[in-house]
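Please look over the sequence and the structure shown here, and then work through the questions that follow.

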Amino acid sequence: MAKLKLGPITNDKPVKVALSLPGALHRDLVAYADVLARETGQPTPDPVKLVVPMLERFIATDREFAKARREAADAASISASQPAPGPSSV
């Protein structure tokens, strides 16, 4: 049995996505949807519905992105905790 990165696709509100995919990528999405259906025992999902969970999974597992996000959050919290520069009232 294949160990796919995606699990069952939740039946959520429809989301419109307008983008152009290369033919090879679309064929890969269709094939992935077929394999996912076999693995989960669910009907074959619309390949477009794979895009959001794939992007979510990609972002969630990208270590460099997580590191950059943490560093940006740390920098923002440090600058927010420091008093604003300005004339001293001594």
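Q: Which helix is included in what covers the buried residues of helix 1?
A: This is a predicted model, in which local features need pLDDT of at least 70 and side-chain atom pairs count only at pLDDT 80 or more, while totals for chains, interfaces and linings use all residues. Residues are numbered from 1 along each chain as its sequence is written, and side-chain values use heavy atoms, with hydrogens and water left out. Helices are DSSP runs of H or I with at least four residues, strands are E runs of at least two, and both are numbered from the N terminus; contact means heavy atoms within 4.5 Å. What covers the buried residues of helix 1 includes helix 2 (48-61).

Q: Which residues of helix 1 are buried, and which are exposed on the other side?
A: Buried means under 20% relative accessible area, exposed over 50% and partly exposed in between, with a 1.4 Å probe and protein chains only. The buried residues in helix 1 are L29, A33, L36 and A37. They lie on the same side of helix 1 because they cover an arc of only 100° around the axis, the arc being that of the directions from the helix axis to the C-beta atoms. On the other side of helix 1, the exposed residues are R27, D28 and R38.

Q: How many helices and strands does the protein have?
A: From the N terminus on, the elements run α-α-α. The count is therefore three helices and zero strands.
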